[in-house]
Amino acid sequence: MKLSDYVIDFLARRGVTHVFGISGGAAVHLFDSAAKHPDVTPIFPQHEQAAAIAADGYARATGKLGVAITTSGPGATNLLTGVCCAYYDSVPTLMITGQVATHRLKGQNDVRQLGFQETDVPSIFATVTKYAVQIGDPATIRYHLEKAYYLAFEGRPGAVLIDLPDDLQRAEIDPEALAPFVPERQIAISDLDAEIAALLPLIAQAKRPVVVLGGGLSTPRIGAALDQLIDRLGMPMLTTWAATDLIAHDHPLRVGPFGVYGPRLGNFAVQNADLILCLGSRLSQNVTGGILPSFAREATIVMVDASRGEMDKFDSRGIRIATRIEARLDAFVPKLLGALEAAPPRADWLAKIAHWRSALPDDRPGPAGANAGHVDAYDFVDKLSDAAPSGELIYVDTGGNLTWTCNGFRIQRGQRLISDWNNTAMGYALPAAIGAAVQAKGGVTCIIGDGGLMLTLGEMALLARHRLPLRLFLFNNHGHGIQKQTLETWLDANYVGVDAPSGLSFVDFVKVAEAMDLPVVSISRSGDIAAQLADVYARKGPVFCNVEINPAQKLYPVLKFGAPLESQLPSIDDELIAREMIVAPHKAAPPSQSGGAGV
């Protein structure tokens with residue numbers, strides 16, 4: 001059996017239905033094998049970065065391994081951004097990179113390159129994969145494939161990579177003679193039952209508890225056990241953006257997102273809590289703010305994470321993690337659920353949060369005027385919430401479109417809202433959505449800004465070729481809105497490289513979509529949004545929707561570096577903050593200790 005045939009069959013036997021990549025001299029055998037396999041379909045984006053991201057999007061949608069295949073040299077190095085997306089968000093993906101033949105590898109020779117397009121791929125990817133190996137002996141292929149697959153899902157999931165020389169791809173092997181990979185026996189790191197027993201009194205005694213739901217609850221998805229836990233705990237639920245789709249918008253315990261760009265309601269809830277049960281969130285600076293001692297300063301923080309390092313990283317940095325439970329959430333959630341009694345009443349705390357819903361400003365502008373030539377982003381997202389089908393997969397890019405969507409979209413049960421949460425690469429959403437759409441039983445929505453779409457314009461041709469069930473919404477504000485706002489905050493609005501007058505170049509997106517044979521809908525009037533969205537979602541095939549967003553629209557509220565989460569911009573009355581806060585004000589550190597520009 002040819003080794004490349006063995007590789008593709010190995011993937012197919014584990015449920016992989018599509019592989020993504022661009023052919024090249026060092027990958028032709030792999031793609032030949034994929035094309036000939038009855039259960040695998042190769043999909044060819046326009047760029048290897050898009051191939052890695054499509055594999056990421058496929059894995060998030062299906063729960064299966066996402067796979068990208070490329071040639072050597074630049075084909076391999078172009079994968080890097082997409083690999084980072086999967087690695088930082090704990091998404092199981094496998095990159096298979098072709099390599100020059102083994103007799104052309106430079107080895108220990110003092111040269112930069114021996115074979116044409118030779119690059120030391122495992123070394124480049126070592127810090128952003130769980131496993132990166134170059135195959136040197138065809139007899140080891142089963143071992144390395146099984147090990148890579150195991151590590152992609154084991155513990156905290158993530159990206160893995162196999163670098164496969166061309167001559168080994170075409171080598172003949174005996175599958176029955178290949179040595180397997182046998183995982184080492186796992187040593188129990190902690191006594192989960194004892195840790196949960198110690199946690200129960202903290203939950204019972206708390207007067208103002210909140211649960212923070214994070215993206216770790218999606219890797220893997222837990223399902224009904226999480227729903228039952230939420231109801232059993234009876235605590236207000238705060239969501240990081242990565243957890244937006246874990247709890248429906250109308251759940252009575254849902255408070256919503258919080259953080260630097262989060263709504264004030266969530267920030268007041270987390271800042272006044274006396275107990276935070278953090279499930280699957282690494283508590284990044286985007287949710288804590290930059291001044292760590294100001295975050296949840298009177299709360300006992302319990303953190304549950306598969307990675308001990310994510311909990312230990314706060315030591316001596318201003319946030320005290322009182323209880324650290326190292327466990328995968330798919331093990332922890334059922335055990336906690338089985339140990340919990342009925343939730344104690346917390347009517348006063350829930351009433352206080354209900355009061356904040358009306359007492360605190362939401363900082364959203366109203367709909368744009370009838371003849372403004374653009375729409376308000378939140379007005380559009382609000383109507384999109386009504387239009388998107390119940391089972392829709394919704395992929396969102398980064399920047400303003402992500403902020404407005406995560407803060408404003410009313411998620412329904414059964415919908416997924418997915419983005420590149422930690423690497424936040426511009427241009428992620430379109431190839432990731434394509435990765436989902438090639439196998440989706442329902443529809444896929446992609447929301448992307450003009451900056452992100454400029455980076456992935458070529459992938460629109462893939463939509464047209466495969467007639468994918470994908471609705472592509474361009475949030476067209478004619479610039480990089482989040483960067484414009486940053487320059488306004490810190491550099492007196494001296495715009496550099498953030499819109500066309502300051503150096504950016506854009507195309508006529510509508511003409512490009514038409515040239516690629518995509519149906520086009522344009523939305524620029526508030527009164528037309530609902531009807532035009534109904535038109536978009538009535539179409540079965542791909543459709544491009546240009547949404548003219550107010551170029552001056554802000555991302556409010558937002559935290560300026562140096563302030564606690566309760567003091568976002570635009571500034572509100574200090575007396576209102578003092579009246580509504582339960583905990584004492586944060587005492588700011590001297591300027592020399594408070595960092596520099598940024599959030």
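Six strands form an open sheet with parallel pairing, in the order S14-S13-S15-S16-S18-S17. The model is predicted. A second open sheet, also of 6 strands with parallel pairing, runs S9-S8-S7-S10-S11-S12.

**Sheet S14 to S17**

- Strand S14 (416-418) and strand S17 (520-523) are the edge strands. Each has a single partner strand, so one side of each is left without a neighbour in the sheet.
- On average, neighbouring strands of this sheet are turned by 15° against each other, direction ignored.
- Strand S16 (residues 470-476) pairs with S18 in the parallel sense. The pairing covers 6 bridges.
- Phe473 has Cys545 in S18 as its bridge partner.
- Helix H17 (residues 400-408) packs on the sheet. H17 touches strand S13 (393-396), S14, strand S15 (444-449) and S16. The direction of H17 makes about 130° with that of S15.
- Helix H18 (residues 429-437) also packs on the sheet. H18 touches S13, S15 and S16. The direction of H18 makes about 170° with that of S15.

**Val543 in strand S18**

- Val543 lies in strand S18 (residues 543-548).
- Beyond its neighbours within four places in sequence, Val543 is in contact with Leu470, Arg471, Leu472, Pro519, Val521 and Val536.
- Val543 and Thr445 are 98 residues apart along the chain. Their C-alpha atoms are separated by 10.0 Å.

**Sheet S9 to S12**

- In the sheet ordered S9-S8-S7-S10-S11-S12, strand S9 (254-257) and strand S12 (321-326) stand at the edges. Each has a single partner strand, so one side of each lacks a neighbour in the sheet.
- The twist averages 20° from one strand to the next.
- Strand S10 (residues 275-279) pairs with strand S11 (residues 300-305) in the parallel sense, over 5 bridges.
- Leu275 stands opposite Thr300 in S11.

**Helix pair H9 and H14**

- Helix H9 (residues 192-205) packs against helix H14 (residues 329-339) at an angle of about 55°. Their axes are 10 Å apart.
- H9 and H14 are therefore oblique to each other. Their crossing is right-handed.
- From H9, the contact uses Leu192, Asp193, Ile196, Leu199, Leu200 and Ile203. From H14, it uses Ala331, Phe332, Lys335, Leu336 and Ala339.
- By class, the contact of H9 with H14 has 9 nonpolar, no polar and 2 charged residues.
- An α-helix has 3.6 residues a turn, so residues three or four places apart point the same way.

**Helix pair H11 and H15**

- The axes of helix H11 (residues 264-271) and helix H15 (residues 347-359) come within 9 Å. They cross at roughly 150°.
- That angle is over the 145 degree cut-off, and H11 and H15 are therefore roughly antiparallel to each other.
- The crossing of H11 and H15 is right-handed.
- Leu265, Phe268 and Ala269 in H11 meet Trp349, Ile353, Trp356 and Arg357 in H15.
- By class, the contact of H11 with H15 has 6 nonpolar, no polar and 1 charged residues.

**Helix H1**

- In helix H1 (residues 3-12), 9 of the 10 residues are buried, so H1 is largely enclosed by the rest of the structure.
- The buried residues of H1 are Leu3, Ser4, Tyr6, Val7, Ile8, Asp9, Phe10, Leu11 and Ala12.

Definitions and conventions:
Residues numbered from 1 in each chain as written. Predicted model: local features only at pLDDT ≥ 70, side-chain atom pairs only at ≥ 80, totals over all residues. Heavy atoms only, no water. Axes fitted to C-alpha atoms, helices over the stretch in contact; angles between N-to-C directions. Helix = DSSP H or I, 4+ residues; strand = E, 2+ residues; numbered from the N terminus. Parallel < 35°, antiparallel > 145°, perpendicular 65-115°, else oblique. Left-handed = near helix turned anticlockwise from the far one by under 90°. Contact = heavy atoms within 4.5 Å. Nonpolar A, V, L, I, M, F, W, Y, C, P; charged D, E, K, R; others polar. Pairing = 2+ DSSP bridges. Buried < 20%, exposed > 50% of the residue type's maximum accessible area, 1.4 Å probe, protein only.
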